[in-house]
Amino acid sequence: NDDDDDDDEPEFTLRRMESISVATNSDKAYSFQLSTSKRTFLLACQNCDDFNTWIDHLEKSIFGLRIFQGWLTKRGAYRKSWKKRWFVIYDTQEMRYYDDETRREPKGVIKLHEVLLMCPGDEEQYSTPYTIQLMTADRNWVLASYSQKERDEWFNYMEECMHGAKRLVTSHEGWLWKKGQRHQAWKKRYVALSKGWLFYFEQQFHCNKFKSIAFFSEAFFNQAFRLYVKGSIPLHQTTVQKMDDPSSTVDAPNKNDKNDKNENDQINDIETNELVNGHTVYVCDKQFMFRISTEKHEFVFAADSKHDLDKWFHAFHSTHRHSQTDTAQAEDHDDDTESTEYETVLDDSPVPNDDEEKGDVNGVTFNMRREVSKTFLIDLYDPNGNGKWAVDVEDEHITKQQSDHLRYSLGIESKKHDQMNE
């Protein structure tokens with residue numbers, strides 16, 4: 001549509017364009033339309049080659065460069081039906097989807113810069129494997145790929161495009177015994193080593209779930225940390241030492257300024273069992289022990305075999321060779337002991353977390369035990385706290401509670417967009 005009275009500069013108009021599509025209401029061949037929220041421009045080319053050239057150049061100018069593209073199945077927000085769509089990730093942090101690979105009929109857009117959390121879905125949630133869940137303040141999305149390999153590809157490309165993800169990447173994992181500081185009782189914990197930090201969990205599936213999530217929101221990260229992580233120990237300014245061999249010591253830089261085991265595996269030196277806070281713990285002297293000494297705390301662990309112990313120390317040595325000095329404090333929930341506030345470091349991003357007991361923030365003492373309000377977002381998806389998300393994240397009741405909580409409790413505003421979402 002020619003409009004000589006249009007006062008808009010061409011460059012400004014292009015920045016406002018929301019879609020490019022084949023014109024269906026034109027009497028000219030090789031025509032297409034550029035649409036904004038207020039106006040549609042109808043243009044036509046002389047031949048097919050010119051048409052394709054203009055579409056390619058306009059797409060790059062408006063949407064950016066294509067980073068990755070391919071087929072995914074998208075679940076509808078309301079009808080819950082699955083439809084095959086051609087998805088394209090652009091370097092402008094947008095993922096647009098179309099009817100087919102010609103990209104002539106745009107169907108909608110996911111604004112990746114608004115994603116707060118991304119994680120794989122469970123097959124039990126949607127009766128289909130290889131799903132990806134995307135949470136935003138306005139809407140949650142569920143996409144499905146055709147294989148585990150394809151899902152991993154899409155997940156990695158989206159995470160790379162969105163920037164700033166917090167995600168637990170481990171260098172060594174396995175079961176260890178941990179000695180309580182108050183009751184002096186042993187509990188078996190699933191332990192993961194990551195970038196100069198030691199994280200421990202009650203069960204392996206808690207670790208697996210926490211590792212699978214890419215966080216783009218402090219609120220989501222902090223709440224998932226409280227729910228899934230039992231405790232953490234910084235290794236940047238510590239000494240790690242085998243207790244039966246004082247000469248075997250790992251010192252962190254600048255200190256002066258696992259084979260996996262089944263959780264039911266037991267070692268042979270158990271003497272007595274005790275019931276502590278409703279949980280059975282094992283009181284005994286153990287072999288293959290080591291201690292981690294920080295400025296204020298000492299943590300004692302034990303492996304099930306010398307082979308496991310040696311593998312952990314090899315991992316500790318590797319971590320210290322590549323770690324950077326940082327100041328932090330340990331978080332330990334096993335004995336309900338009091339500990340000071342600390343900062344965890346994942347992907348070089350500091351994230352505060354609270355102890356379960358009591359803490360002091362800005363001079364105000366308050367109860368910091370797990371409450372619904374402190375893990376509300378993750379409780380919506382994992383009400384049993386077992387790492388299995390059994391709910392449909394696109395359910396309107398879930399999304400409403402999520403949106404209300406983000407908006408009123410955490411200060412994340414919901415921004416509605418005029419999108420062509422199916």
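Me: What lies over the face of Trp71?
Reply: Lys84 does, at 4.6 Å from the ring centre. A charge counts as over a ring if NZ of Lys or CZ of Arg is within 6 Å of the ring centre and within 35 degrees of the ring normal. Keep in mind that this is a predicted model, where local features need pLDDT of at least 70, side-chain atom pairs count only at pLDDT 80 or more, and totals for chains, interfaces and linings use all residues. Residues are numbered from 1 along each chain as its sequence is written, and side-chain values use heavy atoms, leaving out hydrogens and water.

Me: And which residue lies over the face of Trp177?
Reply: That's Lys286, 3.9 Å from the ring centre.

Me: OK, rings with rings now. How many aromatic pairs does a search of the whole structure find?
Reply: 22. Rings of Phe, Tyr and Trp (its six-membered ring) pair if their centres lie within 6.5 Å; planes under 30 degrees apart are stacked, over 60 edge-to-face, and the rest tilted. One of the pairs is Phe32 with Phe51, edge-to-face at 5.9 Å centre to centre and 75° between the planes.

Me: Where do Phe32 and Phe51 sit?
Reply: Phe32 is in strand β2 (residues 31-35) and Phe51 in helix α2 (residues 48-63), 19 residues apart. Helices (H or I, at least four residues) and strands (E, at least two) are DSSP runs, numbered from the N terminus.

Me: Is Phe32 buried or exposed?
Reply: Buried, with a relative accessible area of 2%. Buried means under 20%, exposed over 50%, and partly exposed in between, using a 1.4 Å probe and protein chains only. Phe51 is buried too, at 8%.

Me: Switching topic: at what angle do α5 and α6 pack?
Reply: Helix α5 (residues 204-212) and helix α6 (residues 218-228) pack at about 170°, with axes 10 Å apart. The axes are lines fitted to C-alpha atoms over the stretch in contact, and angles run from 0 to 180 degrees between N-to-C directions. So α5 is roughly antiparallel to α6, a label for angles over 145 degrees.

Me: Which residues of α5 and α6 meet?
Reply: His206, Lys209 and Phe210 in α5 meet Phe221, Ala224, Phe225 and Tyr228 in α6. Contact means heavy atoms within 4.5 Å.

Me: Last one: which residues does Phe155 touch?
Reply: Leaving out residues up to four places away in sequence, they include Met118, Pro120, Arg167 and Ser212. Phe155 is in helix α4 (residues 148-162) and counts as buried, at 4% relative accessibility.

Definitions and conventions
Angles under 35 degrees count as roughly parallel, over 145 as roughly antiparallel, 65 to 115 as roughly perpendicular and the rest as oblique.
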